[in-house]
Amino acid sequence: AVLHKRPGPQLLLQVCWDFHSPDGCARPLCKWRHTALDKWQISWLLLQRFVFGGVLSTFEDLGALSRAVRIAFADDASERLAAETPLVTATALRAAVVAL
């Protein structure tokens with residue numbers, strides 16, 4: 001699998017949330033992309049699954065959730081947020097995480 005570097009905001013809207021979750025994707029004909037991602041992309045994707053998908057089993061424990069939040073919203077991740085995520089999604093996810 002190809003590791004995507006700076007793919008733009010569309011990739012993270014096309015990738016399967018479940019594929020990168022602890023249990024993986026069990027859909028035989030999944031309509032979402034199954035592709036390798038880096039640590040920041042996986043953290044962002046799993047946060048989307050947890051917040052927007054309401055899948056509480058996304059993270060094994062609160063420590064894993066905390067690590068994903070720190071990675072996705074780290075100070076040095078601001079450029080990636082701007083370049084790789086749609087603004088409305090980034091804003092909504094940040095607001096949801098702050099509300100937690």
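Analyst: A disulfide is a pair of cysteine sulfur atoms within 2.5 Å. By this rule the count is 0 disulfides. This is a predicted model: local features need pLDDT of at least 70, side-chain atom pairs count only at pLDDT 80 or more, and totals for chains, interfaces and linings use all residues. Residues are numbered from 1 along each chain as its sequence is written, and side-chain values use heavy atoms, with hydrogens and water left out.

Cys-25 is partly exposed, at 22% relative accessibility (buried means under 20% relative accessible area, exposed over 50%, partly exposed in between, with a 1.4 Å probe and protein chains only).

Cys-25 also touches Asp-18. Contact means heavy atoms within 4.5 Å. Leaving aside neighbours within four places in sequence, Asp-18 also meets Gly-24, Arg-27 and Arg-49. Asp-18 is buried, at 18% relative accessible area. It lies in the loop between α1 (11-14) and α2.

Now the helices, which are DSSP runs (H or I, at least four residues) numbered from the N terminus. Two packed helices are described by the angle between their axes and the distance between the axes. Axes are lines fitted to C-alpha atoms, for helices over the stretch in contact, and angles run from 0 to 180 degrees between N-to-C directions.

Take α2 (residues 39-51) and α5 (residues 87-99). Their axes come within 11 Å and cross at roughly 65 degrees. The two are therefore roughly perpendicular (65 to 115 degrees; under 35 is roughly parallel, over 145 roughly antiparallel, the rest oblique). Trp-44, Leu-47, Gln-48 and Val-51 of α2 meet Thr-89, Ala-90, Leu-93, Ala-96 and Val-97 of α5.

The axes of α2 and α3 come within 8 Å and cross at roughly 120 degrees. These helices are therefore oblique to each other. On the α2 side, the contact includes Trp-44 and Leu-47. On the α3 side, Val-69 is one of the residues involved.

Val-69 sits in helix α3 (residues 62-72). Not counting residues up to four places away in sequence, Val-69 touches Leu-47, Ala-74 and Val-97. Leu-47 belongs to α2 and Val-97 to α5.
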